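I opened the model to see how the chain is put together. These are my notes, in the order I looked things up.

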Amino acid sequence: MDQPNPTDIPPDKVDLSVTVGLAVKRQREIAHISLRKLAELSGISSAMVSRIENGQVSPSLSTLEALASALSLSVITFFADSVQTADVTHVKAGQGLPATRIFTDHQHEFRILGRHRKNPLEFEAASITIKRRKDDNHPKYINRGYVFLTVTRGECIYQCGDKDFPMALGDSLSFDAELLHGVKEVITKSVTFTSIAAKIT
């Protein structure tokens, strides 16, 4: 790999370069490999790796990608300590933001446990309660992304694509949300499950 030319760091990037450099060094030490070995695996010179770890240069994205690949990491790992603000949601047991989802001939209650959006990722966790119906006419969904759900009370049969899954306390299911999915039948008086959905917006 061609070696990038050392770059003097502008004053406004000093802190970030030091943070990234420390992260590279920490991850190298966690992996129990020497600086020389990291240089060999990444194709970056030992001198350059040393300068990066000491915050003396602002490495290019391609250089960081090479280092991350050598350490079997995502590049974002090197920037984890640089995040100054982030959303955190803490929900006590039995709480959450109550809401009602209303359809033409049906409605069910749920509590939003967490919702985050950072382009391009959208994430939502909710506790959903669905009551038994005589006609078993429960809504079905087709969305983007992936869904994980686990039953926290009651029993039901959950349809996912052309398969039906008996779901009892503690059972879980994860699937591609592009499959037609939803509760097919509530076995007990009601069923409650925690649903976690993630998608690229």
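**Overall layout**

I started with the secondary structure and counted four helices and nine strands in the protein. The model is a predicted one. I then read the elements off from the N terminus, and they run α-α-α-α-β-β-β-β-β-β-β-β-β. I checked burial next: 33% of the 201 residues count as buried. Residues 24 or more positions apart account for 63% of them.

**Helix α2**

I went to α2, residues 35–42. Which of its residues are buried? I found Leu 38, Ala 39 and Ser 42. Their arc around the axis is only 100 degrees, so they sit on the same side of α2. I turned to the other side of α2 and found Arg 36 and Glu 40 exposed. I then stepped past the end of the helix. Gly 43 follows α2, and its phi is positive, near 80 degrees.

**Packing of α2 on α4**

I looked up how α2 packs with α4, which spans residues 61–70. The angle is about 110 degrees, and the axes are 8 Å apart. An angle from 65 to 115 degrees counts as roughly perpendicular, so α2 is roughly perpendicular to α4. I listed the residues that make the contact. From α2 they are Leu 38, Leu 41 and Ser 42. From α4 they are Ala 66, Leu 67 and Ala 70. I sorted the residues of this contact by type: five are nonpolar, one is polar and none is charged.

I stayed with α4 and checked burial there. Thr 63, Leu 64, Ala 66, Leu 67, Ala 68 and Ala 70 are buried. Just after α4, I noted that Ser 72 takes a positive phi of about 55 degrees.

**Helix α3**

I went back to α3, residues 46–53. Its buried residues include Met 48, Val 49, Ile 52 and Glu 53. These cover an arc of only 135 degrees around the axis, which puts them on the same side of α3. I read on past the helix: Gly 55 follows α3, with a positive phi near 70 degrees.

I picked Leu 73 in the loop between α4 and β1, the strand at 97–102. Is Leu 73 buried or partly exposed? I read a relative accessible area of 27%, so Leu 73 is partly exposed. I left aside neighbours within four places in sequence and listed the contacts of Leu 73: Gln 27, Ala 68 and Phe 78.

**The cores**

I moved on to the largest nonpolar core, which has 19 residues. Which of them touch the most other members? They are Leu 149, Tyr 158 and Phe 193. I traced where this core comes from. The strands β2 (107–118), β3 (121–131), β4 (146–153), β5 (156–160), β7 (172–176), β8 (181–186) and β9 each supply at least two of its residues.

I then found another core, apart from the largest one. This core has 18 residues, among them Ala 39, Ile 44, Met 48 and Leu 71.

**Ser 195 and Ala 125**

I placed Ser 195 in strand β9, residues 190–200. Its relative accessible area is 13%, so Ser 195 is buried. I listed its contacts beyond four places in sequence: Glu 124, Ala 125, Ala 126, Ile 128, Val 147, Phe 148 and Leu 149.

I followed one of these, Ala 125. Ala 125 lies in strand β3. Ala 125 is buried, with a relative accessible area of 10%. Beyond four places in sequence, Ala 125 touches Arg 111, Ile 112, Leu 113, Gly 114, Ser 195 and Ile 196.

How values were computed
Residues numbered from 1 in each chain as written. Predicted model: local features only at pLDDT ≥ 70, side-chain atom pairs only at ≥ 80, totals over all residues. Heavy atoms only, no water. Axes fitted to C-alpha atoms, helices over the stretch in contact; angles between N-to-C directions. Parallel < 35°, antiparallel > 145°, perpendicular 65-115°, else oblique. Contact = heavy atoms within 4.5 Å. Nonpolar A, V, L, I, M, F, W, Y, C, P; charged D, E, K, R; others polar. Buried < 20%, exposed > 50% of the residue type's maximum accessible area, 1.4 Å probe, protein only. Arc of directions from axis to C-beta. Core = buried A, V, L, I, M, F, W, Y, C linked by side-chain atoms within 4.5 Å.
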